[in-house]
Each structure stands twice: as structure tokens, then as C-alpha cells.
Amino acid sequence: MKTTIGSSERAPAGRDLPMRMGRFLILFTVFLAILFGLLLAPATQPGVRVFTRGLVVVSAALVRLFGGRAVALGDLMENPANHFGVQMANGCNGANVTILLWAAVLAFPASWRQKAMGLAAGTAAIHVVNLLRFISLFYIGQYNRNWFDFAHLYLWESLMMLGTLVIFWMWAVLVRRSGSMADASAP
Amino acid sequence: MLALWWYVLLSPLLGGLQILTGLTLRLWPGAGSIARVTVDSSGDWIVRVPVPASVSRQGNLRQMFPSAGPGGEPVQVRSIQIGLPRRMPVFFTLSFPLFWATALAAPWVKRSWRVLLCGTGLTAVLAMASFLFFAAYTIATYLHINPSGLAGGLLDAGEYLNTNVAPYVAPFLIAIWLHAELRAQIFFREPVEAAPTPQQTERRRGRYRG
């Protein structure tokens, strides 16, 4: 027969959940405001632009690696054969969902080591998916404009958000299983 | 859920959003019968709202709408009508399938119907508020009456979050907020299995012997 361990390590009682939720929501909102403030601040815009252009360069290199034709022109990836281009705008560089993940991970009760690992692995996963998204849109746009609009505005954005939620959820489950969640009192 | 939304539910959701937005605008103090939301033949939304007297007296508006003749009274702008592309209201209804997908994927319990109902209502309010904010921001930009400085920066940030973040994030937050089981799955620590205590071991041993 399986047993659970003693009261000091038991799952939190029902009355602890609202407190934990409230604390998470407050910290999540604070971190969200700080991180979005940093993203939108004029001082960080040159850095954001460099990062965005870097993503376009990597995307174009990946397309060429797999036999496709693409060149990076600033924040635009263009097919030199038909001059179809896809621009990576500010909302398309994965920064929004990365900030959401960061705010959620930082607000969650876990050790700093777990948070650092969650941030690093989660950020890497988000940007791998975002590169796939950008490259797929580059091909879909050349094939069908209506499909491009649907995939760009609704499908991929929803998948990115869902992916971020799944990453956070998986990380939270790992933290809970490690047993250190209840001991972490500081964000 | 996205396919169901796109092919089946989009039209009724847009109709509902139009009615809800129109009613809210009419209930706005001073709006009366001036405020309305209509849809033109191309599917774009036409929003007509009253312009408060304090706004119409601003210099920017007087420059945009000068008096008809020399020395005449300046034009009194009482309302403004603006066309907004169809993709924006469509975009704001995206929260519905995202919420439904999350709520339906969560553990199904007796209260799930209530969660679905309340969440759908909240999502409708959110979609309407997002659309109205977008419309107000667009009108303010068109009339050049956006505030400057910190207030302007906060308004721009609000608009960025309204059109880039809120429609994707809010459905998940609503689902987590309303669905206790989903919430518990994220925030409860799972009971850790432990080795049996010595007493239990003894009991088992005895049973095996017998």
C-alpha cells in the first residue's frame, strides 16, 4: 500500500491555495509590468532590433541549410526568386511570450536554481518554436495569402501561447515533484 | 477548436460582440442615440461615438475642422465615425476558442459547466472592452488628442498589450481563475510517495508469514 509523507511535507491545505494563488498573481503582475516596461522602453529598442535581426539571419540560414532560398534584409526575410518577404515585427520575435514565461516562472514559488533552469530551458524552447513559426509563415505566405493571414494572426499566435503555458506547466510539475515548492518562500 | 471557431462560430460571435458593444456604447453617459456600431458591405466595423465638449474645444480639433467661412463660428464636432478593419473584431473573438479549449482540456467535474458559462461571459466582456479600447485609441490617434509624456507612454503600452498580449493571455488566466481543479494542478504540490513506516513493514511481514 502506498503512503504519503508526514504533515510538514503534505500538499498545502485548501486554505493555503488562495493565498498562494494571490501571491502568485500579485508577483506575476508586478514582473509582467516591469518586463513589458523594459521591452517597450526607448532605451532597450536598439537591443530589441538587433535581437530581431539576429533571428531573421538565423531563420534565413536555416532555410538555406535545408535547400531553400532566403536572404535576410534587416528584419525582413526575402525569397530572392519571387521577392516575397516576411517582416519580423516587434510582436513576432517571441519577446511577448518570453516575458509571460519569465513573469510566471519568477512569480512561482521555487528555488532560484529551479527558476534559472526554467527560464533558460523555457526561453530556448520558445525561440526554437518561434523560428519554426517564422520559417513556416515564410513558406505559407508564398503558397496562399489567406492561409498566411490565418496562420499568422490566429493559429501560430495561439500555438505559441499554448506552448508557453505547457512549458510553464511542465516546469511547475517538475518543481512540485522535486518537493521544494513549499519550502521556497521567496520569489 | 480554432477550426470550429473559424468556420462555424465566428459569425455568431461577431454578431454578439457587435450587439454587446453597441449596447455598452448607448449606455455610456451622454451617448444617447448617437453611438452605434454597424458593419459595412466589406465587413469592416463602423463605430460612431459622441465627442465630449471638452475634447471638441481642443486646438487640434479646431485646426482639423475650421470654420466654414472667414470670421465664422468654429465647427462644433459633436460625434465622430470611424471605420475599423474586420480583422480587429475577429481578432478579439479569438479569446473564446482559447478559453473553451483550455476549460475543456482541464479535468471535467460537475462545476465545469458553470466554469464554461462564467468564463464565456467574462471573455465576452473582455473582447468588448478590448475592442472599445482599440476604437478609442484609434479615434484619439486620428484626432491627435493622445496625451503626451508618461500618460501617453502608458496609453501606448496599454494599446500594445491590448492588441498583442491580452487576447492570448486572458483566456488562460480566466480558465485558471475559474477552474479550481486546473488551479490545483498547477499550484498544489503532489503528495510525495514515501517508503512504508517500520510498523507497516512489520504488519506486512506478519501477513506474509501467515
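Accessible areas here come from the Shrake-Rupley method with a 1.4 Å probe, and for residues only the protein chains shown count as cover. With that in hand, select chain B: its accessible surface comes to about 11,700 Å², of which 62% belongs to carbon and sulfur atoms. Chain A, for its part, exposes about 9,800 Å², with 69% supplied by carbon and sulfur atoms.

A word on what is loaded: this is a predicted model, in which local features need pLDDT of at least 70, side-chain atom pairs count only at pLDDT 80 or more, and totals for chains, interfaces and linings use all residues. Residues are numbered from 1 along each chain as its sequence is written, chains are lettered from A and ligands numbered from 1 in the order in which they are written, and side-chain values use heavy atoms, with hydrogens and water left out.

**Stop 1: the two chains**

Colour by secondary structure. Helices (H or I, at least four residues) and strands (E, at least two) are DSSP runs, numbered from the N terminus. Chain A has five helices and four strands, and its elements follow the order β-α-α-β-β-β-α-α-α from the N terminus. Chain B has 10 helices and four strands, arranged from the N terminus as α-β-β-α-α-β-α-α-α-α-α-α-β-α.

Now colour by burial, where buried means under 20% relative accessible area, exposed over 50%, and partly exposed in between (1.4 Å probe, protein chains only). Of the 187 residues in chain A, 44% are buried; of the 210 residues in chain B, 38% are.

Contact, from here on, means heavy atoms within 4.5 Å. Taking contacts with a separation of 6 or more, residues 24 or more positions apart account for 66% in chain A and 69% in chain B.

**Stop 2: α3 against α4 in chain A**

Select residues 95-107 and 112-143 of chain A. Two packed helices are described by the angle between their axes and the distance between the axes. The axes are lines fitted to C-alpha atoms, for helices over the stretch in contact, and angles run from 0 to 180 degrees between N-to-C directions. Helix α3 (residues 95-107) and helix α4 (residues 112-143) of chain A pack at about 165°, with axes 10 Å apart. That makes α3(A) roughly antiparallel to α4(A) (angles under 35 degrees count as roughly parallel, over 145 as roughly antiparallel, 65 to 115 as roughly perpendicular and the rest as oblique).

Show side chains next. On α3(A), the contact is made by Val97(A), Thr98(A), Leu101(A), Trp102(A), Val105(A) and Leu106(A). Facing them on α4(A) are residues including Trp112(A), Leu119(A), Ile126(A) and His127(A). By class, this contact of α3(A) with α4(A) has eight nonpolar, five polar and one charged residues. For these classes, Ala, Val, Leu, Ile, Met, Phe, Trp, Tyr, Cys and Pro count as nonpolar, Asp, Glu, Lys and Arg as charged, and the others, Gly among them, as polar.

**Stop 3**

Is Asn96(A) buried or exposed? Asn96(A) is buried, at 7% relative accessible area. Beyond its neighbours within four places in sequence, Asn96(A) is in contact with Phe36(A), Leu39(A), Gly91(A), Tyr160(B), Asn164(B) and Val165(B).

Jump to Leu39(A), in helix α1 (residues 16-40) of chain A. Leu39(A) is buried too, with a relative accessible area of 8%. Not counting residues up to four places away in sequence, Leu39(A) touches Thr44(A), Gln45(A), Val48(A), Ala95(A), Asn96(A), Ile99(A) and Tyr160(B).

**Stop 4: across to chain B**

Select helix α5 (residues 145-178) of chain A and helix α1 (residues 2-27) of chain B; their axes come within 11 Å and cross at roughly 140°. α5(A) and α1(B) are therefore oblique to each other. Phe150(A), Tyr154(A), Leu155(A) and Ser158(A) of α5(A) make the contact with Leu2(B), Trp5(B) and Trp6(B) of α1(B). Its classes are six nonpolar, one polar and no charged residues.

Zoom in on Ser158(A), which counts as buried at 5% relative accessibility. Which residues does Ser158(A) contact, leaving aside its neighbours within four places in sequence? They are Leu2(B), Leu94(B), Leu98(B) and Tyr168(B).

**Last stop: His83(A)**

Finish in the loop between β3 (76-78) and β4 (85-87) of chain A, where His83(A) is found. His83(A) is exposed, with a relative accessible area of 56%. Check its backbone: His83(A) has a positive phi of about 60° although it is not a glycine.
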